[in-house]
Amino acid sequence: MTPQQPRPTRRAVLGGATATALALVAGTGSAQATGRSSAWPTEFPLPDGWLPEGITIGSRPYAYMGSRADGAIYRTDLRTGKGRVLHDGAPGLAAIGLKLDDRDGLLHVAGGAGGTARLVDARTGDLVRTYELTGSTGHFVNDVVLLGDRAWFTDSRDAVLYGVPRGRRGEVRALPLGGDWEQLPDVNNANGIVSTPDGRGVIVVKSTPGELYRVSLRTGHATRIALSGVENVVNGDGLVRVGRTLYVVQNRLNVVTVFELDADATTATLRRSITDPRFDVPATAARFGDRLYLVNARFTSPQTPETTFTAVAVPLR
């Protein structure tokens with residue numbers, strides 16, 4: 001375990017956020033694993049009171065983490081563990097799940113109970129556009145995946161996916177979920193989302209009662225994925241897919257469950273589980289090279305301006 005670095009207060013971070021944003025270059029997002037990365041830190045601090053939940057990493061070694069407190073976005077250099085506030089928040093905003101589009105350098109940010117999707121320039125931190133996806137009550141825009149010409153957002157409180165055009169123009173598509181999907185009242189339903197291995201649909205985790213679904217983006221038909229080796233993935237939150245290997249972050253269980261998908265993503269077979277003593281209710285994860293990076297949301301701890309938060313890295317294998 002790497003010794004924990006001093007945790008900056010948000011005031012100190014905001015006051016020192018003067019570093020020049022580095023340009024992003026297009027790439028696969030998977031990164032070539034090299035011997036150099038083994039010396040990179042495996043734990044780094046976030047500002048006190050940050051309330052993190054989402055994390056995304058593109059083709060370069062920078063992690064972007066959103067704040068549930070006010071919608072701000074923090075960027076950390078994975079090589080050094082040092083970071084700064086890239087995008088300032090504001091009262092009433094939240095940044096839940098987020099994904100970086102290496103094609104144009106835009107961050108797609110899920111707005112939680114605010115019902116929005118925001119586009120933020122990952123180079124400058126500027127807000128590019130806000131989409132109003134839902135009404136102001138009864139919804140929770142939770143996570144996002146980039147696939148084809150759209151960014152697809154989940155809504156934990158409604159049986160619908162929202163397809164936001166990638167780029168700066170276009171209309172939002174609302175895709176109702178059907179088939180095997182049964183929306184449960186007063187609990188979190190759809191949460192993490194990734195593309196299927198064949199790129200024709202998406203996989204969505206239903207946090208309650210802990211199920212995985214393959215969803216057609218043409219029809220919205222949801223097919224429940226059969227689990228082998230485990231009964232459920234209760235508290236399933238963030239998802240990461242590498243080929244046919246699916247990583248499911250089960251937040252309050254402090255575990256990442258690793259499955260092998262069959263060719264059609266109709267069955268997920270348990271292969272192993274990843275645990276770490278530094279896990280403190282990890283919410284979501286992102287891959288870079290041979291590591292998974294996770295943010296500790298600490299849902300079971302006091303959520304105050306003084307609460308400390310970290311992100312940690314663990315080996316993929």
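Predicted model: local features only at pLDDT ≥ 70, side-chain atom pairs only at ≥ 80, totals over all residues.
Q: What is the strand order of the open sheet of five strands?
A: Strands of a sheet pair through backbone hydrogen bonds, either parallel or antiparallel. Strands are DSSP runs of E, at least two residues long, numbered from the N terminus, and two of them pair if DSSP finds at least two bridges between them. Here the order is β19-β23-β22-β21-β20, with mixed pairing. The edge strands, β19 (226-228) and β20 (236-242), each pair on one side only. β19 runs parallel to β23 (residues 267-274), joined by three bridges; L227 stands opposite A268 in β23.

Q: Which residues touch the most other members of the largest nonpolar core?
A: In soluble globular proteins, nonpolar side chains tend to be buried together. A nonpolar core joins buried (under 20% relative accessible area, 1.4 Å probe, protein chains only) Ala, Val, Leu, Ile, Met, Phe, Trp, Tyr and Cys residues through side-chain atoms within 4.5 Å. Of the 20 residues in this core, they are W50, I55, I57, M65, L78 and Y293. β26 (309-315) gives the largest share, three residues.

Q: Which residues line the largest cavity?
A: A cavity is a set of points on a 1 Å grid over the protein atoms alone where a 1.4 Å probe fits but cannot get out; lining residues have an atom within 4 Å of a point. The lining comprises I55, K99, D143, G238, L239, T284 and A285, with β20 and β24 each supplying at least two residues.

Conventions. Residues numbered from 1 in each chain as written. Heavy atoms only, no water. Helix = DSSP H or I, 4+ residues; strand = E, 2+ residues; numbered from the N terminus. Buried < 20%, exposed > 50% of the residue type's maximum accessible area, 1.4 Å probe, protein only. 1 Å grid on protein atoms, 1.4 Å probe; cavity = no way out; pocket = protein on both sides within 12 Å on 5 of 7 lines; lining within 4 Å.
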